[in-house]
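Dear colleague,

Please find below the structure that I am passing on to you.

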Amino acid sequence: MKKIFFALLLISASLSFANIKVVASTTVIYDLVKEIGKDKVSVDFIARGDQDPHFVEVLPSYMVKLRNADIFFRIGMGLEMWSNQLIDGSRNSHLKTIDLATDIDKKEVPNFKPDASYGDVHPFGNPHYWLDPQNAKIMAKEIYEALSAESNQDEAYFKKNLDDFNYRIDKKINEWTNKMSSLKGKSFIFFHASWIYFADRFGIKTAGFVEPKPGIAPSPSHNAELVGIIKSKGIKTILMENFYSDSAPNQLSQLTGIKVVKVPTAVFGMKNINSYIEMMDNIINQIIQNS
Amino acid sequence: MKNKFLFIVLTVISIGNIYSQSSINPDISLIGTFNTYTNFIKGSPGYGKLNFDIPEMELFVDGYLNPYARASANISYENNEFGVEELYGDIVRGLPLDIQIKAGKFLVGFGKLNTVHPHAWPFLERPLFHQVFFGEGGFNDVGVNFSFIIPTGDVFTNLDLGVFKGASIIPMSDSYAIDRGVNPIFVGRLGTFWSLDDYTNLEVGLSGSYGCYSKANLVVFGIFNQENVQALNHFYSGLDFKFKYSPTAYSVLTIQGEGLLNNRDVPRIPVMGIDYTLASVQKINNAGAFIYADYKFEKQFSFGIKYDYTAGIFGSAPTFLSLANDDKNSTQGIEAWFSYYPVEETSVVRLGIQNLMYHYADGTNRNNETTIKLQFLFSLGPHKAHPF
Ligand SMILES: [Zn+2]
């Protein structure tokens with residue numbers, strides 16, 4: 001009898017400490033979940049910070065992560081075309097999959113059915129919305145709602161963390177906007193079409209992309225075209241994710257003297273980039289220094 | 001007639017896809033393969049000439065039926081004929097113990113490579129032992145597979161157990177061979193996957209297959225000529241591994257290999273003499289294996305080499321003395337290739353060379369045979385993520 005009592009006590013104790021198990025498709029989501037959930041969630045991620053989130057191999061080890069999870073947060077809009085195979089492979093029928101794109105003001109959504117001649121990876125619009133810090137707030141709110149639905153009694157706790165995050169990021173957004181104001185109206189070349197949300201937020205312009213189409217590798221003829229654009233518009237900077245090969249941008253740099261700036265676009269994408277705010281700081285500081 | 005019917009089905013499917021914007025449509029992809037080759041096989045009519053294969057096509061249709069199940073079909077066009085390569089349903093979630101059930105006609109999970117479609121292999125030629133022990137198109141059978149997850153912590157372990165019709169077993173051409181009739185075969189595989197670090201992954205599997213591969217009437221000559229029909233069984237045990245190291249998004253080293261041990265009943269006709277009547281059934285053991293390494297670099301190029309070994313003289317007609325029933329002779333192969341992927345993986349140009357070496361136990365001398373092949377492969381349809 002005593003044993004049963006102790007067993008029950010143990011179970012109830014473990015229940016009250018039970019936390020929500022979350023898997024995030026990317027490290028940016030991972031960081032935001034930590035901000036909102038703090039010690040009431042245990043969170044893991046799939047795509048590494050130094051990895052192209054479009055192309056992640058379907059590894060059984062990721063299925064194991066999802067197998068034990070309550071919630072799977074994704075960017076959505078087709079960014080994680082690898083994720084359904086992982087979800088199926090996890091065989092977790094209780095898993096809730098939540099796309100954080102739901103309330104995002106989506107850009108470049110095609111009003112026709114794009115075929116492969118439009119590129120490889122953005123058929124549902126541009127999914128790189130996390131590079132606009134205002135969107136990070138929308139993502140955080142979505143995460144807060146999902147966590148609160150999962151654990152009602154912790155709603156106030158999550159709300160407090162959300163408010164705290166919003167307060168800090170609002171301050172940062174002011175700081176970033178001030179810093180970037182000197183570059184307003186300036187044109188940039190980007191590697192991949194992942195910068196539209198960032199560019200619109202801070203008022204910079206896109207002169208072209210190193211990739212001929214999203215997800216299509218750079219080509220000599222397209223590079224030649226870019227040389228013309230860089231020279232005629234006097235563009236000073238190529239901005240690129242640090243996981244892409246810099247061989248095509250470096251060629252452009254040799255031909256035109258344009259600067260190649262490699263930045264992390266995910267948490268843990270570089271040494272000492274351990275949070276979303278650190279990531280945005282790094283991106284903005286590097287742009288300012290090199291433009 | 002059958003071809004016409006299939007053609008109509010294909011047309012309807014593709015028109016449906018073009019005109020519908022609905023995302024409920026299944027995924028459709030079309031793989032085209034075109035091979036041109038020259039061989040240096042003495043006495044072969046194509047010796048040293050440029051030969052063209054008839055282009056091959058595979059049409060894949062797959063999608064969710066509902067939140068719990070998927071269905072897939074793979075219709076092939078090879079040698080001027082349509083065929084149903086695969087057609088199966090797959091319950092992926094919702095079952096007790098998180099079992100997944102796959103039923104229909106599909107590529108059987110004996111080893112790892114067999115379940116991967118040839119167009120996704122880095123090389124050109126199907127491993128010799130697959131062709132000898134499973135059949136020309138690999139182990140493709142009609143049946144049911146039950147897949148279990150084994151709780152091994154952070155390591156992914158999967159157990160597959162299946163019952164199959166034996167549809168890919170080629171009948172023996174011996175005069176005393178008898179159709180194997182309705183005799184299920186059993187196939188299982190235990191596979192474990194480890195992430196060694198962020199860039200290095202390894203999967204190891206153990207497979208087994210058991211069942212009747214043929215029957216035989218073992219009365220050869222005799223006074224009484226009584227029928228003596230015996231079922232002849234096979235037992236394959238297999239070991240497979242796949243190792244992948246991808247330090248960057250632009251380069252991948254893959255090393256993969258499989259081995260098979262075959263233990264089976266074979267009828268052996270005794271030398272005529274006093275003991276004149278019955279052939280006897282013996283157990284024989286033989287084996288097959290392959291191993292390859294492929295290195296992909298700058299996302300667009302790859303090269304590699306593969307070594308093959310199989311029991312039997314590759315290319316022989318299947319009898320109770322040849323191929324999988326041959327424990328005396330063997331064939332080895334070396335294949336090397338270079339591939340170019342112009343834009344992602346939507347198209348591949350691949351140049352390969354294969355050299356076959358035959359070993360006869362009785363000392364028969366046969367020249368090595370070399371084939372050079374150039375392959376064009378395109379794939380039209382949604383870009384799918386790569387499974388390990
Ligand atoms: Zn993208």
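How many bridges join β17(B) to strand β18 (residues 369-380) of chain B? There are ten, and the two strands run antiparallel. Strands are DSSP runs of E with at least two residues, helices are runs of H or I with at least four, and both are numbered from the N terminus. Two strands count as paired if DSSP finds at least two bridges between them.

Before the details, a note on conventions. The model is predicted: local features need pLDDT of at least 70 and side-chain atom pairs count only at pLDDT 80 or more, while totals for chains, interfaces and linings use all residues. Residues are numbered from 1 along each chain as its sequence is written, chains are lettered from A and ligands numbered from 1 in the order in which they are written, and side-chain values use heavy atoms, with hydrogens and water left out.

Strands of chain B

Six residues separate β16(B) from β17(B) in a hairpin, and Glu344(B) in the turn has a positive phi of about 50 degrees.

In a regular strand the side chains alternate between the two faces of the sheet. Strand β17 (residues 347-359) of chain B has a covered face, which includes Val348(B), Arg350(B) and Tyr358(B), and an uncovered one, which includes Val349(B), Leu351(B) and His359(B).

Aromatic pairs and charges over rings

Over all chains, a search of the whole structure finds 38 aromatic pairs. Rings of Phe, Tyr and Trp (its six-membered ring) pair if their centres lie within 6.5 Å; planes under 30 degrees apart are stacked, over 60 edge-to-face, and the rest tilted. Phe34(B) and Phe52(B) are stacked, because their ring centres are 6.3 Å apart and their planes at 15 degrees. The two residues are 18 apart in the chain, Phe34(B) in strand β1 (residues 27-40) and Phe52(B) in strand β2 (residues 51-52) of chain B. Phe34(B) is partly exposed at 28% relative accessibility, whereas Phe52(B) is exposed at 55%. Buried means under 20% relative accessible area, exposed over 50%, and partly exposed in between (1.4 Å probe, protein chains only).

Tyr176(B) and Phe320(B) form a tilted pair, 5.5 Å centre to centre with 40 degrees between the planes. Tyr176(B) lies in the loop between β8 (155-164) and β9 (177-178) and Phe320(B) in the loop between β15 (301-311) and β16 of chain B, so the pair ties together parts 144 residues apart in sequence. Both Tyr176(B) and Phe320(B) are buried.

The charged end of Lys296(B) sits over the ring of Tyr341(B), 4.1 Å from its centre. Likewise, that of Lys299(B) sits over the ring of Phe55(A), at 5.2 Å. The criterion is NZ of Lys or CZ of Arg within 6 Å of the ring centre and within 35 degrees of the ring normal.

Chain A against chain B

The contact (heavy atoms within 4.5 Å) takes 29 residues from chain A and 33 residues from chain B. Between these chains the count is three salt bridges, each a side-chain nitrogen of Lys or Arg within 4 Å of a carboxyl oxygen of Asp or Glu. Glu57(A) forms a salt bridge with Lys244(B), with the closest N and O atoms 2.3 Å apart.

Yours sincerely
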